[in-house]
Amino acid sequence: VARPSATRVEPVLHNRIALLRTERGLSRQELADVLGVNYQTIGYLERGDYNPSLDLALRIAEHFGLPVEAVFSRSPFQPMSQQLYGEARGPA
Amino acid sequence: MTHSVTGSIAAAEPSLRVRRAIVLVAMVGYPAFVAAWVGLPLLGVTGIAWGIAVGVLGLGVLLAALALYQFRRAMAQAPDTQLDERQVRVRDRAYLDAYRVYATVVMLVLLIGAILADGLDQPVALTFDLVQPLIWGAILYGMILPSAVVAWQEPDLPGEG
């Protein structure tokens, strides 16, 4: 999950692009080709160094077949493992 | 939208630290070159020694300027059709920052000239020897400043994850 750098002035936008891309076995270049952007831009997006336009955010979500709020969030995402198992196990 | 300019460059790009060093060479190198050209003969350095000093400085500035101009396949000079949305934003921001620096430097040079003329109580003579380095400097910085800003500001490329 991307953690935006603390130095920039833009609003913080968290995303799950790296996770989803890895899950689907895509390289940055392959994802970039599908989305029509430069592969460097995918890297900067994943690292949280760049907030996409609404159009690009929607295209990314559409590519992964997910609602945009599943890919982008203004608050940090919970780690996937915690989301899947955290609450189910709970304290002993 | 096409992205041929920076489509798939090699990962062997200079690091941010190296890029900033190149920017400094280009920015500081030219005044040093002019100072050496004019000043070394006044210090008694002439002939081959003068030629080597001036040549090294001039070549350094030229190579640094070329390296900056070509950074990310001339991203700072590329039209919108060859860039994606992030690159367009970076390029436009670089032009804004470059203009601010350029305008500030030009204003300072003019201000210093005016203060000098006032202090000397006579106009500064705009001789060919004075104007020529200023013109070449204006051309050089006008051409490379946007690229220099991009090279200075762009973070290192993220590693493949």
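Visitor: Which residue just after α3(B) takes a positive phi?
Guide: That's D121(B), with a phi of about 60°. Keep in mind that this is a predicted model: local features need pLDDT of at least 70, side-chain atom pairs count only at pLDDT 80 or more, and totals for chains, interfaces and linings use all residues. As for the bookkeeping, residues are numbered from 1 along each chain as its sequence is written, chains are lettered from A and ligands numbered from 1 in the order in which they are written, and side-chain values use heavy atoms, leaving out hydrogens and water.

Visitor: What makes D84(B) a cap for α3(B)?
Guide: A side-chain oxygen of D84(B) lies 3.0 Å from the backbone nitrogen of R86(B), at the N-terminal end of the helix.

Visitor: Why is E154(B) called buried?
Guide: Buried means under 20% relative accessible area, exposed means over 50%, and partly exposed is in between (1.4 Å probe, protein chains only). E154(B) has 4%, so buried is the word. Compare L24(B) in helix α1 of chain B: with 45%, L24(B) is partly exposed.

Visitor: Which residue does E154(B) meet in a salt bridge, and how do you know?
Guide: The rule asks for a side-chain nitrogen of Lys or Arg within 4 Å of a carboxyl oxygen of Asp or Glu. The partner is R86(B), and N to O is 2.8 Å, so the pair passes. This pair links distant parts of the chain: E154(B) sits in the segment after α4 of chain B and R86(B) in helix α3, 68 residues apart. Both residues are buried.

Visitor: Why does E23(A) get the label it has?
Guide: At 54% relative accessibility, E23(A) counts as exposed, while R24(A) at 38% is partly exposed. Their side chains meet in a salt bridge of 3.0 Å, N to O.

Visitor: What do the buried residues of α3(B) pack against?
Guide: They pack against α3 (39-47) and α4 (54-64) of chain A, together with α4 (128-153) of chain B. Contact here means heavy atoms within 4.5 Å.

Visitor: How many residues of chain B are in contact with chain A?
Guide: 20 residues of chain B are in contact with 20 of chain A. Among the ones in chain B, E85(B), R86(B) and P158(B) lose the most area to chain A, together 35% of what that side buries. Buried area is the accessible area (1.4 Å probe) that two parts lose on being put together, summed over both. For these chains it comes to about 1700 Å², 40% of it on carbon and sulfur atoms.

Visitor: How many salt bridges does the rule find across that interface?
Guide: It finds 0 between chain B and chain A.

Key: Helix = DSSP H or I, 4+ residues; strand = E, 2+ residues; numbered from the N terminus. Polar contact = N/O pair within 3.5 Å; in protein donor to acceptor, adjacent residues only side chain to side chain.
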